[in-house]
Every structure is written in C-alpha cells, then in structure tokens.
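Colleague: I am new to this one. Please show me the model, then take my questions in turn.

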Amino acid sequence: MLFAGIGPQGQQRLLASRVAIVGCGAIGAAAANLLVRAGVGYLRIIDRDFVEPSNLQRQTLFDESDAVGVLPKAIAAERKLRAINSSVTVEGVVADLTPRNAEELLAGVDLLLDGTDNFESRFLVNDVAVKSNRPWIYAAAVASYGLTMTIRPDVSACLACLLESGSASQGLEETCDTIGVLGPIVNLIASLEVAEALKILSGHPEALRTRLLSCDVWTGRMQSIAVERNRDCRACARREFTYLAGEVQPRITMCGRDSVQIHERARTLDLVALGLRLKSLVDNVRENDFLLHFRIAPYEMTVFADGRAILKGTKDPAVARSLYARYIGA
C-alpha cells in the first residue's frame with residue numbers, strides 16, 4: 001500500500017481479484033508464490049503433472065517431501081500457498097487443459113497467466129482469452145533465455161499475431177528436459193509476468209508494457225520488441241478459435257493394450273538429431289530410418305518421422321501429451 005503505483009485502493013482491488021494460472025511448473029510456481037504474497041483474493045492453479053526430484057532445482061514451491069509423495073503439483077502448490085497467506089482462496093485443480101474443458105476451467109477469473117510448457121496449451125489459452133475478451137500474460141523460459149508479453153484482446157496483439165504464420169512450423173522445439181533451464185531465468189520471467197499482473201489487477205492498465213520482452217541471464221542480453229496487431233489474425237481479427245475447437249490439437253487415440261497414439265499434424269522430425277539429444281536423458285535409445293524408440297520408465301515411446309508417436313504403458317491421454325511435450329517438444 002505504501003507503493004504509489006498501487007496504494008490502498010489498488011490493494012483493495014487486488015483483494016477482490018481472481019486469477020488462474022495454467023501450469024504450475026517453474027514459472028507457474030514462482031508466479032503463484034508472488035501473487036499469493038501480494039494478496040490476490042482468489043487463485044486457481046491448473047496442472048496435469050506431479051512433483052519429481054528433478055523439478056526442485058527450479059520449481060520453488062516444492063520440496064523433497066512433495067517429490068517422495070509423488071504429489072500432483074496443483075495439490076502441493078495449494079497446500080504451500082495456503083500456509084503462506086491464509087487470507088487468499090487457493091484452488092488447485094489436477095487437470096489437463098483441453099478444448100473440451102478449457103472454457104469451464106478458465107471461467108470466473110479476471111486474468112489468465114501462462115505457466116505452461118508447450119505452445120498447444122498457450123494457443124488454447126489465447127483462444128479462450130480472445131473469445132471472452134480477458135487479458136492474459138504469455139511467459140516462457142528455457143536454458144538461460146526467457147520472454148513474456150502481456151496480451152489485451154482488442155487492444156494489443158495476441159499470441160496468434162505474434163507466432164502464427166501461413167505455414168506450419170517444422171523441426172524440433174527445445175525443452176527444459178532436453179537442454180535444461182536455469183533457476184534465475186525462471187524467477188526473472190515470473191517476476192516480470194506478475195509485475196504486469198499487478199498493474200492489471202490494481203487498476204493501472206496505463207502502466208502496462210505493450211511489447212515482447214526477452215532476456216538471457218547468461219549473456220546479459222535484453223530486448224524489447226514492438227508487436228503489431230495482425231489485421232488478418234486468425235484469432236483476434238477473424239475470430240476463428242481453431243485450438244478451442246480442437247481443430248489443431250494433436251489427436252490422441254487408444255492403440256492396443258496400455259498404449260496411446262499421438263497423431264501430430266504438419267510435423268517433420270529429424271530422428272537422428274532427436275536421438276542424439278535424448279541419449280543422455282532416456283534409456284535404450286534405438287533408431288532407424290523410420291522411427292526412434294526409447295524408454296522413460298515405466299513407459300516406452302516410439303516416435304515416427306511424421307511426428308506421430310506411440311506411448312506404451314498407459315491409457316491416459318494427459319500422460320501421453322505431457323511426455324510428448326517434454327521430450328519431443330511442442
């Protein structure tokens with residue numbers, strides 16, 4: 001309240017605000033921590049994953065007991081955050097955000113924050129935000145590099161304006177599980193994301209950034225780029241919500257006993273490059289001209305050059321989607 005940018009009135013607005021974070025990994029956990037300590041009234045955390053020991057290097061809400069107990073991240077976060085600030089209503093939702101449930105899971109909040117690890121989910125959030133005319137904040141980090149952008153439907157460019165082009169993207173996407181991530185970039189991007197959130201929630205939209213901000217904590221480089229609205233944007237101009245309609249999301253089907261098949265679209269993979277990238281991370285990597293096979297206990301994954309994959313050891317689409325995003329990229 002002593003900070004002139006917020007003041008008593010702004011703090012009261014924070015207390016009355018409602019926020020949803022999609023994903024409670026590194027950025028999501030750090031952002032949730034900051035928001036609860038700032039005194040938002042209600043926070044909904046949506047995450048499909050569970051806590052693993054390797055998360056603890058960068059996911060600051062969790063500890064070894066959460067990993068030993070294999071707690072869902074949404075539940076572990078809810079417990080920690082309630083202990084930090086009991087006046088905030090925290091709701092942890094263990095769910096995979098999909099076109100079928102996205103509007104329901106993101107309903108009843110003023111602001112959406114990005115804590116996801118893949119662009120499929122981000123474009124889905126963007127569709128919901130644009131359709132419902134609610135602001136959301138894009139944030140991502142990998143290795144030592146991160147970026148963030150505040151998106152205000154009908155005012156600023158949306159994520160589709162920024163990233164979508166006439167042709168589908170090709171090749172591999174780097175992920176935290178294949179090239180790592182430094183804790184400092186995670187916390188820096190989460191801090192920038194929450195700073196923007198506090199401006200919106202306290203009633204100061206005039207202070208918002210209208211640019212894409214990127215930074216690298218290893219090289220020290222920072223860049224701010226103006227992003228113009230695309231007057232022919234699929235989402236915010238033509239209002240074609242293809243991700244929300246399920247038209248772009250990879251289809252997932254059952255494939256025999258305890259197997260799930262992911263039908264990626266418009267994807268070409270370099271299996272040799274993927275195999276080299278994964279050899280130090282997974283077990284029993286085998287490849288030929290047609291496919292790549294490896295094991296992530298207790299699962300086995302077979303990936304084909306056209307982007308299709310079969311995950312053996314589960315019938316759960318959420319597990320298949322999560323492991324595909326983690327090791328193959330979005």
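Modeller: The chain exposes about 15,100 Å² (Shrake-Rupley method, 1.4 Å probe). Carbon and sulfur atoms supply 52% of that area. This is a predicted model: local features need pLDDT of at least 70, side-chain atom pairs count only at pLDDT 80 or more, and totals for chains, interfaces and linings use all residues. Residues are numbered from 1 along each chain as its sequence is written, and side-chain values use heavy atoms, with hydrogens and water left out.

Colleague: How many helices and strands does the chain have?

Modeller: Eleven helices and 14 strands. These are DSSP runs: H or I of at least four residues for helices, E of at least two for strands, numbered from the N terminus.

Colleague: What makes the chain as compact as a globular protein of that length?

Modeller: Its radius of gyration, taken over C-alpha atoms, is 20 Å. The globule rule (2.2 Å times the number of residues to the power 0.38) also gives 20 Å for 330 residues, so the description holds.

Colleague: Why is Leu192 called partly exposed?

Modeller: Its relative accessibility is 21%. Buried means under 20%, exposed over 50%, and partly exposed in between (1.4 Å probe, protein chains only), so Leu192 counts as partly exposed.

Colleague: Where is Leu192, and which residues does Leu192 touch?

Modeller: Leu192 lies in helix H9, residues 183–201. Not counting residues up to four places away in sequence, Leu192 touches Thr148, Arg209, Leu213 and Cys215 (heavy atoms within 4.5 Å).
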